[in-house]
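Hi,

Here is the structure I said I would pass on.

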Amino acid sequence: MPASSVFCAGPAREQVRIIVVKLADRLHNMHTLEHLRPDKQRRIAAETLDIYAPLADRLGIGTIKWELEDMSFHYMNPEAYYKIVSMMDAKRSEREGYIKDAIDYLRGTLDSLGIKYDISGRPKHIYSIWRKMQKKKLAFEQLYDLRAVRVMVDDVAACYAALGVVRVPA
């Protein structure tokens, strides 16, 4: 994401601030949708998926994006939502813990090898899983990337060294 889209001055800065406030308001509204009629829930969820989640993504606010997408999906297609939830082997907090542990392990090992790196990780969210299943016509059991850790290094030698410390469970 270009820095100019977030770090701007003057009127553009005010516009970004307004969009962030609107995103926060929509996030709050999504948390209270249960009190509305089902037809209104679906309309608001569709609008959120079409407009607000892409805005959050464009601004680089991934946490809000996936939360808006998952909540929208919950109201637009509850059967598919709960089917995926029931098939997932762990709650999001458990998957995040697994990723944190993996990142901690990799940091310690890469530091001990003197490798410069940038590392990040994330669990895939429910709407993203469903979208991938639809797009690639896959069954849930065919998905192997419900969790992801990315290690970026400076050169090929460091890449192979980092690859050597990654352990995939059998």
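Which residues does Asp145 touch, not counting residues up to four places away in sequence? The answer is Lys124 and Lys132, where contact means heavy atoms within 4.5 Å.

Before the rest, a word on the ground rules. This is a predicted model, in which local features need pLDDT of at least 70 and side-chain atom pairs count only at pLDDT 80 or more, while totals for chains, interfaces and linings use all residues. Residues are numbered from 1 along each chain as its sequence is written, and side-chain values use heavy atoms, with hydrogens and water left out.

Back to Asp145, then. It sits in the loop between H6 and S2; helices (H or I, at least four residues) and strands (E, at least two) are DSSP runs, numbered from the N terminus. Its side chain makes a polar contact of 2.6 Å with the side chain of Lys132 and another of 3.1 Å with that of Lys124. A polar contact here is a pair of N or O atoms within 3.5 Å; within protein, one must be able to donate a hydrogen and the other to accept it, and residues adjacent in sequence count only if both atoms are side-chain atoms. Asp145 and Lys124 are 21 residues apart in sequence, with 7.5 Å from C-alpha to C-alpha. Asp145 counts as partly exposed because its relative accessibility is 26%: buried means under 20% relative accessible area, exposed over 50%, and partly exposed in between (1.4 Å probe, protein chains only).

Lys137 is in that loop too, between helix H6 (126-136) and strand S2 (147-153). Its phi is near 55 degrees, a positive value in a residue other than glycine. With 72% relative accessibility, Lys137 counts as exposed.

Now the overall picture. The protein chain has seven helices and two strands, and along the sequence they follow the pattern α-α-α-α-α-β-α-β-α. Of its 170 residues, 32% count as buried. The C-alpha atoms fill a box of roughly 55 × 50 × 25 Å, taken along the principal axes. If you take the contacts between residues at least 6 apart in sequence, 68% of them join residues at least 24 apart.

Next, the helix pairs. The axes of H2 (residues 38-58) and H3 (residues 62-76) come within 9 Å and cross at roughly 160 degrees. Axes are lines fitted to C-alpha atoms, for helices over the stretch in contact, and angles run from 0 to 180 degrees between N-to-C directions. H2 and H3 are therefore roughly antiparallel to each other; the cut-offs are under 35 degrees for roughly parallel, over 145 for roughly antiparallel, 65 to 115 for roughly perpendicular, and oblique for the rest. By class, the contact of H2 with H3 has ten nonpolar, three polar and four charged residues. For those classes, Ala, Val, Leu, Ile, Met, Phe, Trp, Tyr, Cys and Pro count as nonpolar, Asp, Glu, Lys and Arg as charged, and the others, Gly among them, as polar. The residues of H2 that take part include Leu49, Tyr52 and Ala53, and those of H3 include Leu68, Ser72 and Tyr75.

H3 also meets H6: their axes come within 7 Å and cross at roughly 65 degrees, so H3 and H6 are roughly perpendicular to each other. Glu69, Asp70 and Phe73 of H3 make this contact with Ile126, Tyr127, Trp130 and Arg131 of H6. In H6, Ile126, Tyr127, Ser128, Ile129 and Met133 are buried, and what covers the buried residues of H6 includes H2, H3 and helix H4 (78-87).

Gln41, found in helix H2, is buried, with a relative accessible area of 12%. A polar atom of its side chain lies 3.1 Å from the backbone oxygen of Leu36. Leaving aside neighbours within four places in sequence, Gln41 is in contact with Leu33, Glu34, Leu36 and Tyr75.

The other is His31, in helix H1 (residues 10-31). It counts as partly exposed, at 43% relative accessibility. Glu67 and Met71 are in contact with His31, again leaving aside its neighbours within four places in sequence.

Cheers
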